[in-house]
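Hi everyone, thanks for making the time.

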Amino acid sequence: MPTLKVVFLDRATIPSQIHLKPLSFEHEWVEYDFTAPGQVSERVEGANVVITNKVVLNESNLACAKKLKLIAVSATGVNNVDVEYCKSKNIAVTNVQGYATQSVPEHVIAMLFALKRNLVGYHKDIEAGEWQKDKQFCFFTHPIQDVAGSTLGLMGSGSLGQATAMLAKAIGMKVMFAERKGADSCREGYLPFDTVLQQADAISLHCPLTDATQNLISERELNMMKSSAVLINTGRGGLVDEQALVEALKNNQIVGAGIDVFAQEPADNSNPLLANSQLPNLLLTPHVAWGSDSSIQKLSDILMDTIDGFIAGRPQNIVN
């Protein structure tokens, strides 16, 4: 077999402490920390395998990649790759699934505890000297809600939704899975979308971003939720109408929100959530729910095994 060229376009998306398993075939390895749109064409030209996390790959920048046989996405979502174009050119596209079934559920539950028990609010009160002024052994400036015994509504029942359900049950929560929005009937084990919104004490989103799920949670849905409920999104930013969420938080329509993903990433201060990050009932993290060291190591192992398998004639995780 001739020496193959493997190009990683955004290696810095995997932290430096994570070990990438060596590939078993003869190859030239080229990696770039990041690749700007204008640099893609020259970097993929001559490559047999291209690895990308978030770099956009489409007809305009792949046309020169005459030797390209595999695009390995080092993530689950492949919306940054023109999958249909790749299929027409016999370029396989793979992704990585099932690597964050511990990390994401723990992040969801951590956000849930932080919001329900107002941990950030109490920390800020101590910083501001409220405890010292109160002169009591404790003080109550924010309501504290128990998580055990409450109900978690899950939108999305894939591996992450199922893993979150398992962890939620382990801490004493009741779990409901929502049927798809607008569905005429419910599958076994699911409840109508609106029913889950109305009855859950917390909603957690784990569905893919598609035309059907864009702004899945907007003004109408936020109005249907309990005023004591929280919304947690570790799925995709576009699942939530961000401006509507800000208004709901300001008007106390829901008690809080934990957001790890944003409509545009990285987000800046033009984003409604970042512009209102000082809201006491809003908890923001920068798309890191998936990112425990063990989770990223698992992702990296699956990624390299997928490339090895493809070259050896054992394709896996193919999405096109």
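**Rings, cores and a few single residues**

Let's start with a cluster: Tyr122, Trp131 and Phe139 are linked by ring pairs. Rings of Phe, Tyr and Trp (its six-membered ring) pair here if their centres lie within 6.5 Å; planes under 30 degrees apart count as stacked, over 60 as edge-to-face and the rest as tilted. Before going further, a word on the source: this is a predicted model, where local features need pLDDT of at least 70 and side-chain atom pairs count only at pLDDT 80 or more, while totals for chains, interfaces and linings use all residues. Residues are numbered from 1 along each chain as its sequence is written, and side-chain values use heavy atoms, with hydrogens and water left out.

Back to the rings. By the pairing rule, the count comes to 5 aromatic pairs. One of them is Phe8 with Trp29, an edge-to-face pair at 6.4 Å centre to centre with 80 degrees between the planes. Phe8 sits in strand S1 and Trp29 in strand S2 (residues 27-31), so this pair ties together parts that are 21 residues apart in sequence. When I say helix or strand, I mean DSSP runs numbered from the N terminus: H or I of at least four residues for helices, E of at least two for strands.

Phe8 is buried at 0%, while Trp29 is partly exposed at 27%. Trp131 is partly exposed at 37%, and Phe139 is buried at 11%.

Rings also meet charges here. A charge sits over a ring if NZ of Lys or CZ of Arg is within 6 Å of the ring centre and within 35 degrees of the ring normal. Arg43 lies over the face of Tyr32, 3.8 Å from the ring centre, and the charged end of Arg187 is over the ring of Tyr190, at 4.0 Å from its centre.

Now let's zoom out. The chain has 12 helices and 11 strands, and its C-alpha trace spans about 75 × 50 × 35 Å along the principal axes. Of its 320 residues, 47% count as buried.

On to the cores. In soluble globular proteins, nonpolar side chains tend to be buried together. A nonpolar core, for us, is a set of buried Ala, Val, Leu, Ile, Met, Phe, Trp, Tyr and Cys residues joined through side-chain atoms within 4.5 Å. Which residues touch the most other members of the largest core? Among its 42 residues, they are Ile14, Ile51, Leu112, Trp290, Leu303 and Ile307. Several elements each supply at least two residues of this core, including strand S3 (49-52), helix H4 (103-116) and helix H12 (293-311). H4 gives the largest share, 7 residues. A second, separate core has 30 residues, among them Leu197, Leu216, Val240 and Phe262.

Let's look at helix H10 (residues 242-250). Its buried residues are Glu242, Ala244, Leu245, Val246, Ala248 and Leu249. What covers them includes helix H9 (219-224), strand S9 (230-233) and strand S10 (256-259); the contact cut-off is heavy atoms within 4.5 Å. Asp241 caps the N-terminal end of H10, with a side-chain oxygen 3.3 Å from the backbone nitrogen of Gln243. Just after H10, Asn252 takes a positive phi of about 55 degrees.

Leaving aside neighbours within four places in sequence, its contacts include Leu205, Gly258 and Asp260.

Asp146 lies in the loop between helix H6 (130-134) and S6, and is exposed at 57%. The side chains of Asp146 and Arg117 are joined by a polar contact of 3.3 Å. A polar contact is a pair of N or O atoms within 3.5 Å; within protein, one must be able to donate a hydrogen and the other to accept it, and residues adjacent in sequence count only if both atoms are side-chain atoms.

That's my tour, and I'm happy to take questions.

Key:
Buried means under 20% relative accessible area, exposed over 50%, partly exposed in between (1.4 Å probe, protein chains only).
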